[in-house]
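Visitor: I would like to learn how to read contacts that involve aromatic rings. Please start with the general idea and then go to the case at hand.

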Amino acid sequence: HSLLRALPAGDRAEYNREIQDILQRAQRAGVLEAAQAAGLASEADLAQTQADFMRRRNEELARRARPQAAPPPKQAEVAAQQTTQVAQTSIPPQAAGLSAADEREWTRRAEAAVPRLVAYARAHHPDLNLTEAHIVVAVRRVHDRGRHVLACGEHSGGRHVAVVGRTFAELVEANPAYALDTIVHEVFGHPEYGPYGESGSEYGLVLYDLAAARMPGYTRPAAGSEARRSEIDAYAYQETEIYSLLRQLPYNVPLAPEHAGLHGHPDPEQWVTARVARMKRQWEPRVVRALLRGMVVRFRMDPRLTPQALEAFERAIRANFTGPEAAVAEEILR
């Protein structure tokens, strides 16, 4: 832990894969230790416990979907409920339209916003070494990625970049400071956590896949399919998104009163709290406690997360485990 935090910023970027490997191992060790304390001796026990939890939930939902006097649901009906549950915790699809004229107009405005944002970053956060090459304008791509998506990341031209659209333009036009945290989120946050959806990057997805394989009637969707992306967005996204929200938190500048009507500039801590709540709904209680404990271990070791960010994560956990569960929060955070 001390050695990681002693790494110079330049070395942290150069040895990102090595840092990821160390942190992933620490995370899994933290998960297993917490699981064993809850009576789940192995990863296989975690997977089976989650599989039983999802199966019971799906059976109950399938029964509710039938008339009251109908016979019990068939296995195919139970299995179909898993797709529904995954979709409900995945990134919702875009419902609004985008005309060609609107796309052209917002492209023009977003392209004009890029140099303004970079100038702000150079003046106020030169340590980021942010350039215009780190930002790609693709209005329709961001729009089509899903509802509430502010930006998305990709690897282009040998670097990690933020792909932006209308929301980015609106924020920069009001105040470039409002958009910087989202760029940090995409350019630094997600890539530092690990290649999205790849085996091992997000332990939640690893465990989901192990659990789902134990469910009767389940077949993993084909790689690259919409159904598989939905699973990844449901069970991998929570971890990497929480990390990236914490990574952006020190750069967040709250909206001034005169900009209170702007959309797309959330309080990172509020979104972290909401993501923890979503994990709590997705996972069996003992399993989610172990998963969150693993994330605590990992985040505390990560040299890129500030004390301010770590405190926000701890508050998010306490906000989700209150009253009789308050002791659970302290056990997760011990």
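Guide: A charge sits over a ring if NZ of Lys or CZ of Arg is within 6 Å of the ring centre and within 35 degrees of the ring normal. The model shown here is predicted.

Visitor: Which charged end sits over the ring of Y193?

Guide: That of R298, at 3.7 Å from the ring centre. Another case is K280, whose charged end sits over the ring of F321, 4.4 Å from the centre.

Visitor: How many aromatic pairs does a search of the whole structure find?

Guide: The search finds seven. One of them joins Y193 and Y243: the ring centres are 5.4 Å apart and the planes are at 40°, so this pair is tilted. Planes over 60 degrees apart would count as edge-to-face.

Visitor: Which parts does the pair of Y193 and Y243 tie together?

Guide: Y193 belongs to helix α9 (residues 177-193) and Y243 to helix α12 (residues 237-248), so the pair ties together parts 50 residues apart in sequence.

Visitor: Is Y243 buried or exposed?

Guide: Buried means under 20% relative accessible area. Y243 has 0% and is buried; Y193, at 1%, also counts as buried.

Visitor: What kind of pair do Y193 and F299 form?

Guide: Their ring centres lie 6.5 Å apart with the planes at 75°, so the pair is edge-to-face. It links Y193 in helix α9 with F299 in helix α14 (residues 285-301), 106 residues apart. F299 is buried, as is Y193.

Visitor: Which residues do ring pairs link into a cluster with Y193?

Guide: The cluster consists of Y193, Y243, F299 and F313, linked by ring pairs.

Key:
Residues numbered from 1 in each chain as written. Predicted model: local features only at pLDDT ≥ 70, side-chain atom pairs only at ≥ 80, totals over all residues. Heavy atoms only, no water. Phe/Tyr/Trp six-rings, centres within 6.5 Å; stacked < 30°, edge-to-face > 60°. Helix = DSSP H or I, 4+ residues; strand = E, 2+ residues; numbered from the N terminus. Buried < 20%, exposed > 50% of the residue type's maximum accessible area, 1.4 Å probe, protein only.
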